[in-house]
Amino acid sequence: MLQYFFTDILIFNGDNSKTYLELKYKLFKFKIMVSKLKNFLLNFEALASLLLRFGIGIAFIIHGYAKFPLPPAGLVEYFGLSPALASFVALSELLSGIILIVSGFLKNPIGDTLTRFAGLVIVIIMTNIFIIAHPDWFITQKLFTSEQIFLFIGGFYFLIKGNKV
């Protein structure tokens with residue numbers, strides 16, 4: 001598309017030889033600059049996934065650990081969960097965060113599978129949180145301005161993507 005633009009300029013200019021070489025050189029320099037920028041940013045591609053992994057993993061570790069000692073009285077009293085189910089929720093949050101972080105360093109099919117498993121657990125946890133704790137949030141501004149939707153999206157990302165960066 002850019003080449004056609006420069007060709008159109010040449011047609012209307014008159015001094016084809018000098019203008020053509022200048023534009024060709026400028027286009028060449030522009031392509032080199034774009035290529036260098038792209039290569040520079042590719043170095044950070046893995047870092048972006050790692051930051052997302054650590055952010056979501058740490059958030060789940062904190063949320064799970066905050067429910068200790070087991071059984072978490074807040075879940076039992078406020079939501080009426082059984083002590084066993086409330087403990088399972090706390091352990092699931094804590095372990096999914098740990099597994100999400102650790103599995104990122106396993107560069108084999110086991111690490112990929114563990115990442116997807118942690119993503120699945122996070123999606124299940126967040127779906128239940130939306131249904132049980134925040135049913136009034138569905139398709140409202142509150143949903144899209146809460147931490148929970150981003151944890152859900154992050155879990156979905158790792159469920160789909162695994163360790164493939």
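A: A residue is called buried when its relative accessible area is under 20%, exposed when it is over 50%, and partly exposed in between, using a 1.4 Å probe and protein chains only. The model is predicted, so local features need pLDDT of at least 70 and side-chain atom pairs count only at pLDDT 80 or more, whereas totals for chains, interfaces and linings use all residues. Residues are numbered from 1 along each chain as its sequence is written, and side-chain values use heavy atoms, with hydrogens and water left out.

Of its 165 residues, 31% count as buried.

The part to examine is the pairing of helix α5 (residues 83–103) with helix α6 (residues 109–133), whose axes come within 8 Å and cross at roughly 150 degrees. These axes are lines fitted to C-alpha atoms, for helices over the stretch in contact, and the angles run from 0 to 180 degrees between N-to-C directions. On the α5 side, the contact is made by Ser92, Glu93, Ser96, Ile99, Leu100 and Ser103, and on the α6 side by residues including Leu114, Ala118, Val121 and Ile125; contact means heavy atoms within 4.5 Å. Sorted by class, the contact of α5 with α6 has eight nonpolar, five polar and one charged residues, with Ala, Val, Leu, Ile, Met, Phe, Trp, Tyr, Cys and Pro taken as nonpolar, Asp, Glu, Lys and Arg as charged, and the others, Gly among them, as polar.

Glu93, one of the α5 residues in this contact, counts as buried at 4% relative accessibility. The side chain of Glu93 also meets that of Lys67 in a salt bridge (2.8 Å, N to O), a salt bridge being a side-chain nitrogen of Lys or Arg within 4 Å of a carboxyl oxygen of Asp or Glu. This pair links distant parts of the chain, with Glu93 in helix α5 and Lys67 in the loop between α3 and α4, 26 residues apart. In that loop lies Pro71, and the peptide bond from Leu70 to Pro71 is cis, with omega near -10 degrees.

Helix α6 carries charged pairs of its own. Asp112 forms a salt bridge with Arg116, their closest N and O atoms being 3.1 Å apart, and both residues lie in helix α6, four residues apart, about one turn of the helix. Asp112 counts as buried at 11% relative accessibility, while Arg116, at 26%, counts as partly exposed. The side chain of Asp112 meets that of Lys164 in a further salt bridge (3.6 Å, N to O); Asp112 lies in helix α6 and Lys164 in the segment after α8, so the pair ties together parts that are 52 residues apart in sequence. Lys164 counts as partly exposed at 49% relative accessibility, and salt bridges that share partners join Asp112, Arg116 and Lys164 into one network.

Helix α8 (residues 147–161) holds Gln148, which is buried, with a relative accessible area of 19%. Not counting residues up to four places away in sequence, Gln148 touches Met126, Ile129, Phe130, His134 and Trp137, and Ile129 is also one of the α6 residues in the contact with α5.

How values were computed:
Helix = DSSP H or I, 4+ residues; strand = E, 2+ residues; numbered from the N terminus.
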